[in-house]
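Student: I would like to learn how to read a model like this one. Could you walk me through it?
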Amino acid sequence: MNQEKLMQLIQKASFAVYDTKLFLDTHPNCQEALDYYQEMKKIREKAWKEYTENFGSLSAEDVPNKDYWDWNNRPWPWEGGNC
């Protein structure tokens, strides 16, 4: 999957995860929502992992280097990078 499509998948799955968490706050026993939450969470995690492996870190917590901090070496969003 290319970088743009992968980022779109991450954004859609992230929205679904956060929106479902809000629903579950008021409907904690809804099994359908719980299942949907878990499914979207897995999709997001898989896409996030694929993105960071192929295109770089999406957050400072993903920086793989242990001896050099390269988080700030990526293009900023206004420079054509993703956030």
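Student: Which residues does T20 touch, not counting residues up to four places away in sequence?

Tutor: A contact means heavy atoms within 4.5 Å. By that rule, T20 touches A33, Y36 and Y37, leaving aside residues up to four places away in sequence. Before we go on, some ground rules: this is a predicted model, where local features need pLDDT of at least 70, side-chain atom pairs count only at pLDDT 80 or more, and totals for chains, interfaces and linings use all residues. Residues are numbered from 1 along each chain as its sequence is written, and side-chain values use heavy atoms, with hydrogens and water left out.

Student: Is T20 buried or exposed?

Tutor: Buried means under 20% relative accessible area, exposed over 50%, and partly exposed in between (1.4 Å probe, protein chains only). T20 has 7% relative accessibility, so it counts as buried. For the overall picture, 25% of the 83 residues of the protein count as buried.

Student: Why does the span of α1 agree with its number of residues?

Tutor: The expected span is 1.5 Å times one less than the number of residues. The 24 residues of α1 should therefore span 34 Å, and its end C-alpha atoms are 36 Å apart, which agrees. Helix α2, with 25 residues, reaches 35 Å, close to the 36 Å expected.

Student: At what angle do α1 and α2 pack?

Tutor: Axes are lines fitted to C-alpha atoms, for helices over the stretch in contact, and angles run from 0 to 180 degrees between N-to-C directions. The angle is about 150°, with the axes 8 Å apart. Angles over 145 degrees count as roughly antiparallel, under 35 as roughly parallel, 65 to 115 as roughly perpendicular and the rest as oblique. Therefore α1 and α2 are roughly antiparallel to each other.

Student: Which residues of α2 are buried?

Tutor: They are A33, Y37, M40, A47 and Y51, and α1 is among what covers them.

Notes. Helix = DSSP H or I, 4+ residues; strand = E, 2+ residues; numbered from the N terminus.
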